[in-house]
Structures are given as C-alpha cells and as structure tokens.
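These are my notes from one sitting with the model. I began with a charged side chain and then went on to the strands, the salt bridges and the aromatic rings.

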Amino acid sequence: MQTARSKQLRALAHRVADALPAEVAEEVVLTGSVSRGSADELSDIEMLVVTRAPLALEDCFGLARAAGLEGLDTWGAPDEHARRVSGRLEGVPLELVWWPREYAEARMDALLAGETPSTADALVHGVPLRTRGLLATWQERLRGYPQELAAAQIEEAARRWGGYAPAGLLTIIRPGDRLALTEWLVDAAMRVLTIVFARNRVWQPTTKRLAARVAALEVRPDRLAERIEEALTEPDPRRALRIMTELQLDTVLLAPSGPDIDRARGWLREAAQLLR
C-alpha cells in the first residue's frame with residue numbers, strides 16, 4: 001500500500017526519468033522509501049541512472065539541469081566510475097547516482113561478495129522507471145543470499161566481542177566518557193544488525209525506519225529496535241551498556257556456531273553478569 005506522498009514523489013521521479021535521453025540513460029531505477037511506498041513529508045527521491053558509457057560529472061550536471069533540477073551539487077569522495085548529483089525539483093530534494101553499465105555489472109559481483117549490503121537492499125526493492133531488463137536480472141541474482149556470505153558476515157561482526165577481560169568495558173562508563181560509550185553502543189548496534197540480517201539471509205538495509213525493517217525478520221532478538229533505542233537514549237551509562245550487552249548476548253545466541261560467535265557468547269555472558 002503506497003502512501004499518498006509516495007505517489008506524488010514517484011510522479012516527479014517519472015518526470016526526471018522521461019527527461020533523460022534514452023540514448024544516454026538506458027536504465028533508470030527508483031530506490032529508497034519512494035520505491036517501497038513508505039515515503040512521508042521528510043522523504044527525498046533517490047534514483048540510479050545506468051548509462052551506456054561513462055559520463056563526466058559535468059555531463060551529469062547538464063542532464064540533471066535539462067531534466068528540471070535546480071540547486072545542483074555533488075557529495076561524497078570522488079569516484080573513478082560513479083557520479084552523484086543532488087538537486088531539487090519543485091522543492092523536493094532529489095539524488096541521482098550515475099553508473100556506467102559495465103561498472104554496474106561489476107557492482108553486482110561486489111554486492112554478492114558482501115560489499116555495501118544496503119545497496120543490494122535498495123536494488124532488491126527498486127522500481128524500474130525505464131528498463132532494458134537490467135534491474136530484473138539484478139534482482140534475480142540478489143534473490144539468493146549466499147550461505148557462505150552469511151556465515152562470514154556473522155563471524156566478522158562478532159569478532160570484536162572478546163579476547164580481553166570483560167571488565168575492560170567498565171572503562172567506557174567513567175564519568176565524562178560518554179563519547180567513548182556512545183561509540184561502543186553504536187558500533188555494537190550495527191554489529192547486532194549485521195548478525196541478525198545475515199542470520200535471516202536478508203540484505204541489510206540502512207537503519208532508517210528500523211522497527212519496520214526488522215519486524216518482518218523470522219529470527220531476531222525480542223524487541224530488537226526498541227532495545228537499541230533504549231540503549232542509545234538511556235541517561236545512566238551503566239544501564240545503557242547493560243541493555244546493549246544483553247542485546248548482543250541474545251543476538252549471538254541466535255547465530256550459528258563459529259569461532260568468533262562461540263567466544264563472543266562466553267565473553268558477553270560474563271560482561272552482562274558484571275553489569276547487573
């Protein structure tokens with residue numbers, strides 16, 4: 001069920017896609033919350049444009065300007081292949097990512113190897129605004145989340161949890177060390193999410209609208225999104241760390257056995273007990 005805002009923004013995206021010359025842009029994919037049908041008043045429009053040949057950034061600016069975008073800019077580190085153009089259309093923020101076709105095909109191999117899973121998630125839920133069948137082919141390739149990739153992602157995510165005395169965690173809840181605690185909490189939350197999505201063999205999305213994203217997962221710790229929110233907003237440092245540590249423990253108990261997971265289970269048990 002699309003929100004009314006999703007329908008409005010999709011219509012704007014279609015206008016941009018239709019204005020891009022077909023001889024240049026052979027595939028235009030709508031991604032983000034608009035493609036999922038969940039856009040609201042804060043949402044922007046995100047699109048992937050696949051071109052037949054590499055384009056200079058200046059050319060991408062020119063095509064975006066001709067499509068009606070204003071206030072053009074770019075973001076991120078310079079990339080040898082990809083181009084990024086941001087702007088506004090009728091006051092709506094809009095982001096265009098440009099990939100030459102050869103580079104796009106190489107990106108699929110990288111995604112299946114575990115690189116930038118949020119891009120894989122975006123493409124899985126992408127909507128073609130102009131297509132030569134590329135998106136359908138990519139979505140078919142991404143339909144299967146490799147078991148060996150899931151195992152590797154889970155082990156790597158758990159690797160930081162152990163190898164030193166659990167009492168070392170107490171050093172980040174000293175008065176005045178809230179930044180160190182926050183860094184740990186955020187890193188732990190991201191590792192928890194990596195394990196949970198890999199355990200379900202679902203491409204990991206961005207953390208926006210997290211509660212809705214994790215609700216559909218078959219295997220997950222109880223109150224996953226709520227506990228992350230609690231840990232990040234809890235004013236008492238010790239309790240915040242305990243909430244996150246218990247969530248980490250519940251997460252690794254759901255994961256398949258492996259050297260790093262097994263070590264993390266014992267270490268997190270000790271850490272959780274220490275913090276109680």
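**Entry 1: a charge without a partner.** I looked up arginine 10 and found that it is buried but has no salt bridge, the nearest side chain of opposite charge being aspartate 18, 12 Å away. Here I take buried as under 20% relative accessible area, exposed as over 50% and partly exposed as in between, with a 1.4 Å probe and protein chains only. A salt bridge, in these notes, needs a side-chain nitrogen of Lys or Arg within 4 Å of a carboxyl oxygen of Asp or Glu. For charge, Lys and Arg count as positive and Asp and Glu as negative, while His and the chain ends are not counted.

I keep in mind that this is a predicted model, in which local features need pLDDT of at least 70 and side-chain atom pairs count only at pLDDT 80 or more, whereas totals for chains, interfaces and linings use all residues. Residues are numbered from 1 along each chain as its sequence is written, and side-chain values use heavy atoms, with hydrogens and water left out.

Arginine 10 belongs to helix H1 (residues 4-19); helices (H or I, at least four residues) and strands (E, at least two) are DSSP runs numbered from the N terminus. Leaving aside residues up to four places away in sequence, I find arginine 10 touching Gln2, Leu30, Val34, Ser35 and Val127, where contact means heavy atoms within 4.5 Å.

**Entry 2: strand S2 and its neighbours.** I next asked how many of the residues of strand S2 (residues 45-51) are buried. The number is 6 of the 7, so S2 is largely enclosed by the rest of the structure. Strand S1 (residues 25-31) pairs with S2 in the antiparallel sense over 6 bridges, and alanine 25 stands opposite threonine 51 in S2. With strand S5 (residues 92-100), S2 pairs in the parallel sense over 7 bridges, and there methionine 47 stands opposite leucine 96 in S5. I count two strands as paired if DSSP finds at least two bridges between them.

**Entry 3: salt bridges.** My count by the rule in the first entry comes to 21 salt bridges. One of them joins the side chains of arginine 101 and glutamate 26 at 3.3 Å, N to O, and it links distant parts of the chain, with arginine 101 in helix H4 (residues 101-112) and glutamate 26 in strand S1, 75 residues apart. Glutamate 26 is buried at 6% relative accessibility, while arginine 101 is partly exposed at 33%. I also noted that Glu26, Arg52, Arg101 and Arg132 are linked in a network of salt bridges.

Arginine 160 forms a salt bridge with aspartate 187, the closest N and O atoms being 2.8 Å apart. Arginine 160 lies in the loop between H7 and H8 and aspartate 187 in helix H8, so this pair ties together parts that are 27 residues apart in sequence. I find arginine 160 partly exposed, with a relative accessible area of 38%, and aspartate 187 partly exposed as well, at 22%.

For arginine 239 and glutamate 234, which also form a salt bridge, the closest N and O atoms are 2.8 Å apart. Arginine 239 is partly exposed at 36%, whereas glutamate 234 is buried at 14%.

**Entry 4: aromatic pairs.** Rings of Phe, Tyr and Trp (its six-membered ring) pair if their centres lie within 6.5 Å, and I call planes under 30 degrees apart stacked, over 60 edge-to-face and the rest tilted. The count is 4 aromatic pairs. In one of them, tryptophan 99 and tyrosine 103 have ring centres 5.7 Å apart and planes at 85°, so the pair is edge-to-face. Tryptophan 99 is buried at 7%, and tyrosine 103 is buried at 18%.

Tyrosine 164 and tryptophan 267 form an edge-to-face pair, 5.2 Å centre to centre with 65° between the planes. Tyrosine 164 lies in the loop between helix H7 (147-158) and helix H8 (178-199) and tryptophan 267 in helix H12 (residues 259-275), so the pair ties together parts 103 residues apart in sequence. Tyrosine 164 is partly exposed at 36%, while tryptophan 267 is buried at 5%. I recorded that Tyr164, Trp184 and Trp267 form one aromatic cluster.

**Entry 5: helix H12.** The buried residues of H12 include Ile261, Ala264, Trp267, Leu268 and Ala271, and what covers its buried residues includes H7, H8 and helix H11 (237-254).
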